[in-house]
Amino acid sequence: MSRRSVIVGTGSALPPRRVTNQQLADQGVDTTHEWIVERTGIEARHFAGDGETTATLATEAARKALAAAGVDAGKVGLIVLATATPDQTFPASATRVQTALGINDCIAFDVAAVCTGFLYALSVADNMLKGEMADYALVIGSETFSRILDFEDRATCVLFGDGAGALLLKAEEAQDRGILATKLHADGRHNDLLFVDGGVSTTGTVGKLRMKGKEVFRHAVTNLADVLNEVLAAAGHTSDEVDWVVPHQANKRILDATAKKLGIDPNRVVITVDQHANTSAASVPLALDTAVRDGRVKKDDLLVLEAMGGGFTWGAAVLRY
Ligand code: UT7
């Protein structure tokens with residue numbers, strides 16, 4: 001037995017405004033429903049409205065995770081929020097979530113690793129729980145990418161959406177439960193393939209998302225297959241033992257190609273990209289909460305989470321739910 005981080009609750013939040021592919025086309029984006037579905041699998045996404053922010057979505061997801069676990073917010077000793085679209089440059093959006101939850105003193109900070117942010121946050125929180133810095137941790141991915149989209153650029157604006165997902169982790173003495181292994185990577189040589197063309201210390205502006213999609217796609221399949229093999233080996237498991245893969249939801253074709261490369265049955269891959277599009281750091285916890293609530297993911301299932309995004313960054317985790 002050793003001290004492990006066990007998921008005791010999940011939650012998610014989507015802004016009520018749902019935008020279909022056809023609505024984007026009707027609003028002037030030079031695209032069609034058919035092109036978006038064929039190339040990405042996306043049918044719709046949610047966009048935040050007035051007053052809805054990364055922190056408000058994160059707070060709603062966190063509240064649902066706490067309620068699912070039946071745990072009082074006062075027990076949370078650590079909040080790690082993964083986001084590339086914080087409410088403000090500083091303070092960390094995690095502290096806004098903390099205040100909204102009525103927690104007066106805990107560790108709270110943001111992690112920026114774009115679409116891999118949730119895997120980074122999960123790994124950091126896992127190690128902090130194991131290091132006895134807290135007993136309960138909220139690990140949240142939350143994004144409002146609609147605010148950094150260039151709606152004149154049809155190659156990117158159709159791909160992303162807003163949302164949040166949260167896990168409540170509890171440190172427990174356990175053998176084969178909770179987070180079993182995490183692996184993280186970054187390679188900054190690829191900064192220019194997926195980035196935002198603004199920033200506090202450069203242009204002094206927020207900027208818009210820019211992506212060379214084809215090249216990102218090519219790297220994604222290779223990096224994800226490699227890190228999945230790496231993390232499974234570290235956890236002492238094989239791909240045929242996996243009950244569910246919960247991947248970052250960027251493009252259904254990437255999910256299919258990665259599953260094929262690893263020999264994983266596509267029916268064991270949780271897919272939400274059709275309804276949520278790419279919600280960056282929120283996509284993995286949003287997909288996990290969806291699959292927990294619809295009954296697909298059950299207690300004792302072996303799960304693999306994975307993501308790849310700007311930087312490049314990529315990572316994966318193996319856990320027994
Ligand atoms: O979360 C971070 C990770 N991000 C990703 O993993 C994204 C990875 N990349 C992708 O998912 C795909 O590369 C895209 C979905 C972004 C693009 O798909 P693609 O099959 O690589 O298309 P493409 O960029 O090669 O574009 C093919 C054609 C082009 O027209 P021409 O040059 O062949 O005449 C584009 O101009 O499709 C055109 N096109 C569009 N047409 C209609 C690009 N965007 C659109 C659009 N609607 N929205």
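A residue is called buried here when its relative accessible area is under 20%, exposed when that value is over 50%, and partly exposed in between, using a 1.4 Å probe and protein chains only. The model is a predicted one, in which local features need pLDDT of at least 70 and side-chain atom pairs count only at pLDDT 80 or more, while totals for chains, interfaces and linings use all residues. Residues are numbered from 1 along each chain as its sequence is written, and side-chain values use heavy atoms, with hydrogens and water left out.

Along the principal axes, the C-alpha atoms fill a box of roughly 55 × 45 × 40 Å. Of the 321 residues, 57% are buried. Among contacts (heavy atoms within 4.5 Å) with a separation of 6 or more, 77% link residues 24 or more positions apart.

The 32 positive and 40 negative charges have mean positions 2 Å apart. Lys and Arg count as positive and Asp and Glu as negative, without His and the chain ends, and each charge is placed at NZ of Lys, CZ of Arg, CG of Asp or CD of Glu.

Strand E12 (residues 302-309) deserves a visit of its own: eight of its eight residues are buried. In a regular strand, side chains alternate between the two faces of the sheet. In E12, Leu302, Val304, Glu306 and Met308 point one way, whereas Leu303, Leu305, Ala307 and Gly309 point the other way, and all are buried. Strands are said to pair if DSSP finds at least two bridges between them. E12 runs parallel to strand E11 (residues 244-247), joined by four bridges, with Glu306 as the bridge partner of Pro247. With strand E13 (residues 313-320), E12 pairs in the antiparallel sense over eight bridges, and Ala307 stands opposite Gly315.

The turn of this hairpin has features of its own. Three residues lie between E12 and E13, and Gly311 takes a positive phi near 140°. The peptide bond between Gly311 and Phe312 is cis, with omega about -5°. Another cis peptide bond, from Phe90 to Pro91, has omega near 5°; Pro91 lies in the loop between strand E4 (78-82) and helix H4.

Other loops are worth a look too. Asn104, between helix H4 (93-100) and strand E5 (107-111), counts as exposed because its relative accessibility is 76%. The C-alpha atoms of Asn104 and Gly74 are 8.3 Å apart, although 30 residues separate the two in sequence. Val114, in the loop between E5 and helix H5 (117-130), has a positive phi near 50° without being a glycine and is partly exposed because its relative accessibility is 26%. Ala277, likewise not a glycine, has a positive phi of about 60°. Ala277 sits in the loop between helix H9 (273-276) and helix H10 (283-293) and, with a relative accessible area of 0%, is therefore buried.

How values were computed
Helices (H or I, at least four residues) and strands (E, at least two) are DSSP runs, numbered from the N terminus.
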